2 protein chains.
Amino acid sequence: MLIIKTIAKVRKEINKAKSAKKIIGFVPTMGALHRGHISLVKKAKRECDFVAVSIFVNPAQFGPNEDYRKYPRTLQSDKAMLAKEKVDLLFYPSVQEMYPEGFSTFVEENFLSKVMCGRSRPGHFKGVCTVVAKLFNIITPAIAYFGHKDYQQAKILEKMVKDLNFALKITILPTIREKDGLAMSSRNAYLNSEQRKNATCLYSALMLAKLLIEKGERSPEKIINEMKKIIKLTPQVRLDYVIIANAQTLRELKAIEGKALIALAIFIGNTRLIDNLVIDVKK
Amino acid sequence: MLIIKTIAKVRKEINKAKSAKKIIGFVPTMGALHRGHISLVKKAKRECDFVAVSIFVNPAQFGPNEDYRKYPRTLQSDKAMLAKEKVDLLFYPSVQEMYPEGFSTFVEENFLSKVMCGRSRPGHFKGVCTVVAKLFNIITPAIAYFGHKDYQQAKILEKMVKDLNFALKITILPTIREKDGLAMSSRNAYLNSEQRKNATCLYSALMLAKLLIEKGERSPEKIINEMKKIIKLTPQVRLDYVIIANAQTLRELKAIEGKALIALAIFIGNTRLIDNLVIDVKK
């Protein structure tokens with residue numbers, strides 16, 4: 001596995017791979033890799049001839065009071081995991097390499113970004129779009145892989161790819177969960193054992209919503225109220241938002257119909273966790 | 001010359017050219033072509049194996065009270081001029097093709113864009129960056145050509161290319177002028193014969209500035225005052241701005257030194273015209 005820190009050297013390797021007619025797959029990450037990331041890597045390895053993974057904790061997508069500094073950094077174990085999957089190239093740039101002094105160009109999606117996490121974390125998706133646009137231009141993949149856990153992020157990046165005409169496809173792969181349903185997330189590492197137990201309320205709330213819909217409930221308001229009860233009953237947990245929305249437009253549904261996104265974000269202590277489910281409700 | 005209106009078909013032709021290892025040159029335009037544009041095309045033909053030109057009057061870069069609707073559209077003569085230069089591909093998309101319903105992703109440079117024309121035309125450079133980012137992703141040129149007349153635009157696009165890591169080079173070519181010094185511009189077509197005569201005040205003001213600097217004047221304030229006098233003496237002309245700035249940062253100079261940009265914008269009737277000069281003042 002090539003481990004490369006500079007954009008210029010990545011370009012050289014990518015050009016080599018392209019000259020050899022290799023299909024390039026790309027998995028952008030912030031490191032602290034878990035089985036969710038690895039499922040993306042495995043899929044990329046199956047579909048592509050040359051798989052690049054980036055590890056970059058992107059300061060532009062963290063708010064001033066967020067966890068940029070303490071975000072888990074586990075480079076040695078990340079490297080081992082990626083090498084085991086026979087990843088071809090690990091791009092591991094410095095902040096200086098990605099945002100040299102005087103950096104002043106940003107990419108912003110301004111429809112899908114305005115709701116859900118975009119409302120709770122102003123500027124977050126602008127940071128995401130900017131860094132991913134940069135990475136797409138550096139890696140020039142044919143396919144880029146994202147997890148369903150960050151559903152809004154994936155839809156925004158799909159929109160960016162479409163609007164700005166990046167010549168690549170975005171593939172969204174299922175959320176990988178712990179045995180008790182908690183979605184894999186690098187931020188789970190912040191949780192102490194009691195918080196970890198309480199964190200299952202995310203999945204419980206989603207499962208309850210699913211059950212209610214399967215039983216015929218079509219009122220988002222009623223379902224959301226039931227979900228809120230679960231969250232309220234869980235100690236140490238504060239709800240950030242819960243939404244039932246059109247899975248394409250991310251706009252709140254008045255009645256559940258078609259592909260419905262059920263998504264929520266909570267705080268446990270200072271740790272913010274998100275989860276979601278898309279349910280296809282036939283008419 | 002291939003004349004193509006859809007992004008999908010352009011991609012096909014570009015991929016063919018790339019498979020044949022051709023170096024792609026690109027000249028983005030809004031049409032109403034003049035000798036300025038053609039000088040870019042000629043340079044591209046000399047330097048590249050496959051030259052693409054786009055003609056697209058980009059609504060996103062016009063303000064609500066600007067001349068989007070009446071901007072000159074001269075497709076037949078444009079085509080003839082480009083065919084004569086043996087351009088390989090003319091991309092001539094519709095607004096719908098470039099901005100389908102629900103378009104929501106924008107690229108914005110926010111340092112160089114904040115002064116000069118960016119101050120007079122809010123949103124203008126965001127529109128420029130967005131459409132050029134799209135065109136770069138569609139055409140994927142090795143070199144893109146821009147005119148010095150739109151100096152601020154060219155510097156902003158250079159910055160965008162650097163910041164977002166587009167794998168291409170921007171080449172800026174000299175302003176092409178009429179015999180009396182007026183910079184070639186599609187908007188010159190708006191001028192009646194009297195306005196056309198008065199428009200030479202742009203070049204006169206720049207020549208005066210150059211002369212003063214050559215004579216040793218180093219105070220931007222004094223030079224700007226002399227330039228303003230010329231503009232004021234010209235009937236029907238209203239000054240938008242005049243600036244003497246660092247040619248890289250576009251920030252106003254307190255004393256003239258190094259590469260100095262002298263730039264101005266005026267209105268003649270409803271027509272807004274710009275011009276500039278970069279002078280290298282050795283210490």
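Two residues are in contact if their C-beta atoms, placed from the backbone, lie within 7 Å. Keep that cut-off in mind on this tour of a predicted model.

**Stop 1: the interface**

Show chains A and B together. How many residues of chain A are in contact with chain B? Chain A brings 23 residues, and they are in contact with 23 residues of chain B.

Now select α1 (7-19), β5 (105-109), α6 (124-139) and α7 (151-163) in chain A. Each of these elements supplies at least two residues of the side that touches chain B. Which element gives the most? Pick β5(A), which gives 5 residues to that side.

Colour the touching side of chain A by residue type. You will find 11 nonpolar residues, 6 polar ones and 6 charged ones.

**Stop 2: the paired strands**

For one partner pair, select A:E108 and B:F106. B:F106, in β5(B), is the bridge partner of A:E108.

**Stop 3: the axis**

Two copies of a chain are related by a rotation about an axis and a shift along it. Here, a rotation of 180 degrees superposes chain A on chain B, with 0.0 Å of shift along the axis and an RMSD of 0.0 Å. That is the relation of a two-fold axis.

Where does chain A come nearest to this axis, by C-alpha? Select A:V107: its C-alpha is the nearest in chain A, 2.3 Å from the axis. Both copies use the same surface, since 100% of the contact residues of chain A recur in chain B.

**Stop 4**

Most residues other than glycine have a negative phi.

First, go to the loop between β2 (24-29) and α2 (35-47) of chain B, and select B:A32. Is B:A32 buried or exposed? B:A32 has 20 C-beta neighbours inside 10 Å, so it counts as buried. The cut-off for buried is 20 or more.

Then move to the loop between α7 (151-164) and β7 (169-173) of chain B, where you will find B:N165.

Conventions: Residues numbered from 1 in each chain as written. Chains lettered and ligands numbered in written order. Predicted model: local features only at pLDDT ≥ 70, side-chain atom pairs only at ≥ 80, totals over all residues. Least-squares fit on C-alpha atoms with pLDDT ≥ 70 in both. Helix = DSSP H or I, 4+ residues; strand = E, 2+ residues; numbered from the N terminus. Nonpolar A, V, L, I, M, F, W, Y, C, P; charged D, E, K, R; others polar. Pairing = 2+ DSSP bridges. Buried ≥ 20, exposed ≤ 12 C-beta atoms within 10 Å, placed from the backbone.
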